[in-house]
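Ready for some practice with pockets, sheets and rings? Grab a pencil, look at the picture and work through the exercises one step at a time.

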Amino acid sequence: MTPIRVLVGVLGMDQHELGAIGIARMLRDQGMEVIYTGCFNTPETIVQAAMQEDADVIGISSHSWEYLYYTPELLELLKQNDLDVPVVLGGSVITEEDAGKMLDKGVAAVFGSGSAMTDMIDTVRNLAASAATS
Amino acid sequence: MKENATRSGINLSPVYGPSDANGDYSRRFGNPGEYPFTRGTRAYSGRGWIQRELSGEGDPKRSNEQFKYLMTLGQTGLDVIGDSPTMSLMDPDHPLARYTVGTQGVSLCRHDDYRQLLDGIPLDQMSISSSGPSMFTVASLYLLAKERGVSPGVLRGSVIEWPFYSEHCSYAYKMPFDLHLRMSCDVIEFCSKEMPKFHGFLEDTYFFSEAGLNAVEEAALGFVEIRHIVRALLARGLDIDSFAPRIAILTNCSMDFYEEIAKIRAMRRIFARMMKEEFGAKDPRSQAVNIAVHTSGLSLTTEQPANNIVRGAVQTVALGLAGVTALEISTFDEGYRTPSKEAHLVGLRTQQVIDLETNINSVQDPFGGSWFMESLTDEVEARILDMVNEIESLGDPAELVSSGYFKQFFHGTMGRYHRQVHDGEVLKVGMNVHQMPAEQDTLLRDISEEKIEPLFDRVEEISAYRDKRDHKPLLDSLQRLHDVVQTDENMLEAVLECTLAGATMGEIAGILRQAWGTPYDPYGHLESPIGSAQ
């Protein structure tokens with residue numbers, strides 16, 4: 001079985017990388033292949049990387065409210081490119097209310113700082129599996 | 001945190017006794033105000049510390065109102081942070097800045113912004129500590145003082161120099177290391193001559209230690225940077241005593257109570273010895289380093305935000321006992337945002353209660369002579385020095401920056417911290433222990449989660465501003481700066497000229513990059529106003 005490929009990145013001018021790096025390591029430890037795109041991404045660079053790298057899941061880590069603007073743009077751009085890759089958001093700035101809004105817009109899952117590691121890993125696995133069968 | 005070890009992994013005994021503390025008093029400790037300054041840089045004054053809270057949000061005018069509010073609450077110094085674009089030398093109308101203008105600090109990009117920012121603030125009385133890019137902050141403060149008839153020589157405060165780590169940790173300039181180092185050295189040299197009371201060199205170990213570093217790693221990386229910058233300044237032919245009195249350190253403070261106190265005591269001693277024994281500083285002020293502290297945002301949680309008030313108070317007590325010069329508490333809403341009005345109030349009041357009601361300032365270095373604390377200070381010091389030597393033995397620190405050594409190091413510590421929190425090795429009440437369901441976790445939540453909207457108007461305003469300027473003197477000044485960069489001349493005079501001609505920070509930074517042979521806009525959106533000048 002080929003390993004799950006997860007793209008992990010941070011958007012805009014948000015330069016808090018701790019969560020992204022932590023998640024990237026955690027997923028790698030689970031045998032997944034992580035394409036780490038670091039900071040200063042835009043929806044365009046994320047979509048481009050997701051296509052080039054054939055990502056199964058896109059993970060966006062956020063410690064800035066920029067995600068509120070970029071995430072809908074990212075979802076739209078994925079649609080325009082006919083790319084059916086689930087987007088997972090993570091970050092302590094994401095309030096419960098905003099998580100709901102993002103899920104409504106089409107984000108596959110949202111995690112906060114206190115989320116259990118096993119939950120995050122299982123979610124990524126399940127999303128990758130259902131994307132593969134769809 | 002393991003029960004019997006500090007966060008840095010120093011094993012602790014349950015009880016300490018006379019055999020644990022060694023060394024003769026005058027050599028290792030000295031009285032407060034005496035070499036090697038372990039016990040404090042000054043003889044007892046009873047004055048306590050400068051009390052301030054991180055501020056800056058929205059546009060300069062809104063931030064100015066925030067400063068005045070803080071002053072009415074009794075704040076005794078200013079601590080200003082720019083928004084992410086400002087901190088990264090980017091103007092608000094850059095395409096990548098759009099959604100974050102003014103949301104995590106104040107948006108500043110031209111001299112007029114500083115005029116508004118500091119309107120009505122007495123420059124000759126208020127210590128102004130700025131986390132904003134040092135070259136531009138110093139240029140505008142200097143010009144502003146002159147405009148207001150205040151001698152730049154009386155300005156107090158500090159700017160951060162971070163050529164080693166900013167690129168890989170928090171705020172990237174997207175500049176080659178050598179250029180960033182040159183900017184730092186130019187600022188320090190300029191301040192030592194023109195603004196001698198101002199700290200042109202604040203070594204900020206706070207921001208990079210938020211990448212999950214422990215106390216020993218934080219201090220070690222700080223000293224690697226200090227040592228390298230000092231060497232670079234000496235290589236210019238500057239006398240150590242001409243600039244070393246105005247080196248200060250801004251450290252972090254985690255929740256590891258004893259170790260943080262030991263760290264500060266150890267850092268004062270290491271600095272004193274480095275300056276005196278290694279660099280030959282004779283002026284006692286060159287050997288005595290003021291340490292200011294920003295308490296750890298990473299130690300706080302978004303869960304149960306009221307718990308963060310307790311964390312800030314405990315950290316403040318630790319720092320009061322350690323004898324710091326200035327302090328800002330990361331406030332209870334830190335997990336979400338820069339401080340709200342309510343959080344500012346609680347942060348300052350926390351400092352004031354501890355300062356005024358507990359008698360904490362009645363005795364200096366109360367831990368001095370404690371078998372435990374002296375033993376821990378020695379151990380922390382030894383480990384910091386070992387790590388500095390270890391890093392320097394790997395090669396020229398400048399090479400280590402360029403080769404990505406520190407970037408890898410930070411990635412390692414971030415991953416480690418993330419794992420420690422998720423494994424429960426670092427306990428955080430409300431987050432990984434004593435959690436409560438979201439519907440019960442409501443105390444202070446509304447205030448903590450209140451957002452600061454990005455300033456789309458400011459984007460338009462700056463964009464329109466560009467065309468309103470007189471282009472000939474502007475372009476001439478930028479061209480001159482471009483030429484100066486290619487000489488050994490200090491760049492500040494040319495930067496002052498550009499600033500007065502109306503240049504923005506993004507333009508000046510772009511010209512510096514361009515003159516260094518790297519792209520004007522590292523993100524590839526903008527073109528240089530002076531074209532592809534040679």
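Before we start: helices (H or I, at least four residues) and strands (E, at least two) are DSSP runs, numbered from the N terminus. Also keep in mind that this is a predicted model.

**Exercise 1.** Find out which residues lie nearest the centre of the largest pocket, and which element gives the most to its lining.

*Solution.* Step 1: start with the space itself, which has a volume of about 1,200 Å³. Step 2: look at the lining, made up of 48 residues; nearest the centre you'll find B:Arg42, B:Arg47, B:Gly48, B:Asn290 and B:Thr325. Step 3: check the elements. Several in chain B supply at least two lining residues each, including β5 (157–161), β7 (247–253) and α12 (307–322). The top contributor is β8(B), with three residues. Step 4: sort the lining by class, and you get 19 nonpolar, 20 polar and nine charged residues.

**Exercise 2.** Work out the strand order of the open sheet in chain B, and explain why β1 and β2 each have one side without a neighbour.

*Solution.* Step 1: trace the nine strands, which pair in parallel in the order β1-β9-β8-β7-β6-β5-β4-β3-β2. Step 2: β1 and β2 of chain B stand at the edges with a single partner strand each, so one side of each has no neighbour in the sheet. Step 3: zoom in on β6(B) and β7(B), which run parallel and are joined by four bridges. There, B:Glu203 stands opposite B:Ile249 in β7(B).

**Exercise 3.** Explain why the aromatic pair of A:Tyr69 and B:Phe456 joins two chains.

*Solution.* Step 1: over all chains, the structure holds 24 aromatic pairs. Step 2: for A:Tyr69 and B:Phe456, the centres are 6.0 Å apart and the planes make 80°, an edge-to-face pair. Step 3: A:Tyr69 lies in helix α3 of chain A and B:Phe456 in helix α18 of chain B, so the pair joins two chains.

Definitions and conventions. Residues are numbered from 1 along each chain as its sequence is written. Chains are lettered from A and ligands numbered from 1 in the order in which they are written. This is a predicted model: local features need pLDDT of at least 70, side-chain atom pairs count only at pLDDT 80 or more; totals for chains, interfaces and linings use all residues. Side-chain values use heavy atoms; hydrogens and water are left out. On a 1 Å grid over the protein atoms alone, a cavity is a set of points where a 1.4 Å probe fits but cannot get out, and a pocket is an open set with protein on both sides within 12 Å along at least five of seven lines; lining residues have an atom within 4 Å of a point. Grid points are joined across faces, edges and corners, and a volume is the space filled by probe spheres set on the points. Ala, Val, Leu, Ile, Met, Phe, Trp, Tyr, Cys and Pro count as nonpolar, Asp, Glu, Lys and Arg as charged, and the others, Gly among them, as polar. Two strands pair if DSSP finds at least two bridges between them. Rings of Phe, Tyr and Trp (its six-membered ring) pair if their centres lie within 6.5 Å; planes under 30 degrees apart count as stacked, over 60 as edge-to-face and the rest as tilted.
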